[in-house]
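I opened the model to look up two topics.

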Amino acid sequence: MKITIIGTGYVGLVSGACLAELGNDVMCLDVDAGKIAGLQRGEIPIYEPGLEPLVKRNVEAGRLHFTTDLAQSVAHGQIQFIAVGTPPDEDGSADLQYVIAAARAIGRYMDDYRLVVDKSTVPVGTAAKVRAAIAEELARRGKVIEFSVVSNPEFLKEGAAVDDFMRPDRVVIGVDDEQAKRIMHSIYAPIQRNHERMIFMDIASAELTKYAANAMLATRISFMNELANLAEAVGADIEHVRQGIGSDARIGYHFLYAGCGYGGACFPKDVSALQQTAHDAGMHLKIIEAVNQVNETQKSRLLDKITRRFGDDLTGKRFAVWGLAFKANTDDMREATSQVVVPGIIARGGTVVAYDPVAISQAKKTFATLQRLEYASSPKAALDGADCLVIVTEWKEFRSPDFDDMKRRLRTPVIIDGRNLYDPALVRSCGLEYSGIGRI
Ligand SMILES: NC(=O)c1ccc[n+]([C@@H]2O[C@H](COP(=O)([O-])OP(=O)(O)OC[C@H]3O[C@@H](n4cnc5c(N)ncnc54)[C@H](O)[C@@H]3O)[C@@H](O)[C@H]2O)c1
């Protein structure tokens, strides 16, 4: 099949490379000329395990192409995936300008039937807006050409995106015509040989499903974070509580880790957008509102612990920060807790020495204007002469440190752990002060 992907970001590039790997002829379009030029030179703009060889292999096989040329990209694929960003607007709703621009481009250049697949995360009613934008462009050209619009929300996780795309738990398709349904079935047939993974439904339900999934996961995290804070106040250990409830099959272990708040390109904006969808429908989602509020507070939890231990004035104090990405296995720093912790320490007069295995070049852009911020070449190097280690991201390489060596390197042996990586008793037995989230 000939497929075009509009928007070559995390979702677009992974989807494009995976669809090419399945044998399709894929063209990825982006308005960012620098990104496309880099991809054409073989440079992968994001860190995503397994993506680089996948892209390289499919480019070499002639199945994956990159372009900024709209006319060429619309002409290429009978199937046009829209995978552009849907960032939050000022009121928290999803900003659909990029989705609508993509739809208009299709209407402006299409010459025969196109199946338009919306993969971006978009609120209920967007497929209708996409349809209207394409129809308007066709009318402007005086053309009558058939097209279908389908909702196919993406559930991949950054850090495991290639695997998630190739072996998804489910593929949700919102569709209201038989031809589109047939084509969608054939696109995904190769990844569901083992068992049926496609769930067909109406378009509005598919659009809402994506927000429901992210809001549910965010709810579990905020729920555990609130309970962790309670555990700390009453002298219980959230890790025991997690195991105690996770073992209940009705609850399960996933997404029950207390920590220093969720970030990333999806949960914060999708929870806000869902709230706004409810608001537009004359409703107020009380649980969802609380989920966001709890998360905002939780992101400051590490700073609270720092100021409680070192005071409000951090002048002359040096903080080693391990982890800048919003979670492990990605260089994505969008809405990362590091964006609260690092500037927060610096604003109080402290110095930060940060280490992250892959996000440092991203951090140099994000934190370009910050003073008293240094980057270390290894986790150990960050510790030298620091008054405190603050753990923000749960990278595997942080999990089994040499605590004796850590104690020797730190000027004051204090660990504030936003990801509950260690056994508090073990750390303390090595002569270090330790404060996790909801641990005793
Ligand atoms: N990142 C994730 O883990 C993830 C997972 C599931 C769903 N989503 C959703 O997928 C969508 C894309 O997310 P992302 O993280 O890949 O975003 P991203 O910011 O990484 O990529 C979006 C890309 O679209 C390009 N773009 C914008 N307007 C364009 C246009 N008119 N034509 C061509 N290209 C255009 C941008 O230049 C950018 O490269 C969002 O709606 C997001 O919520 C993201």
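**Cavity**

I looked up the largest cavity first, and its volume is about 30 Å³. This is a predicted model, where local features need pLDDT of at least 70, side-chain atom pairs count only at pLDDT 80 or more, and totals for chains, interfaces and linings use all residues. Residues are numbered from 1 along each chain as its sequence is written, and side-chain values use heavy atoms, without hydrogens and water.

I noted the cavity rule: on a 1 Å grid over the protein atoms alone, a cavity is a set of points where a 1.4 Å probe fits but cannot get out. Points are joined across faces, edges and corners, and the volume is the space filled by probe spheres set on them. By this rule I get one cavity of 30 Å³ or more.

Its lining (residues with an atom within 4 Å of a point) consists of Asp118, Ser120, Thr121, Val122, Ser151, Pro153, Glu207 and Lys210. I sorted the lining into two nonpolar, three polar and three charged residues. Here Ala, Val, Leu, Ile, Met, Phe, Trp, Tyr, Cys and Pro are nonpolar, Asp, Glu, Lys and Arg are charged, and the others, Gly among them, are polar.

**H9 with H12**

I turned to helices, which are DSSP runs of H or I with at least four residues, numbered from the N terminus. H9 (residues 203-234) packs on H12 (residues 286-299) at about 55°, with axes 9 Å apart. So H9 is oblique to H12 (under 35 degrees is roughly parallel, over 145 roughly antiparallel, 65 to 115 roughly perpendicular, the rest oblique). Axes are lines fitted to C-alpha atoms over the stretch in contact, and angles run from 0 to 180 degrees between N-to-C directions.

The crossing is left-handed, meaning the near helix is turned anticlockwise from the far one by less than a right angle; clockwise is right-handed. For contacts (heavy atoms within 4.5 Å), H9 residues including Ala215 and Asn229 meet H12 residues including Ile287 and Gln298. By class I list six nonpolar, six polar and one charged residues.

**H9 with H11**

H9 and H11 (residues 267-280) pack at about 115°, with axes 9 Å apart. H9 residues including Leu208, Lys210 and Tyr211 contact H11 residues including Phe267 and Asp270. The contact divides into ten nonpolar, one polar and two charged residues.

**H13 with H14**

H13 (residues 301-310) and H14 (residues 338-347) pack at about 30°, with axes 9 Å apart. They are therefore roughly parallel. I logged this crossing as right-handed. Leu302, Leu303 and Ile306 of H13 meet Val340, Val341, Gly344 and Ile345 of H14.

Conventions:
On a 1 Å grid over the protein atoms alone, a cavity is a set of points where a 1.4 Å probe fits but cannot get out, and a pocket is an open set with protein on both sides within 12 Å along at least five of seven lines; lining residues have an atom within 4 Å of a point. Helices (H or I, at least four residues) and strands (E, at least two) are DSSP runs, numbered from the N terminus.
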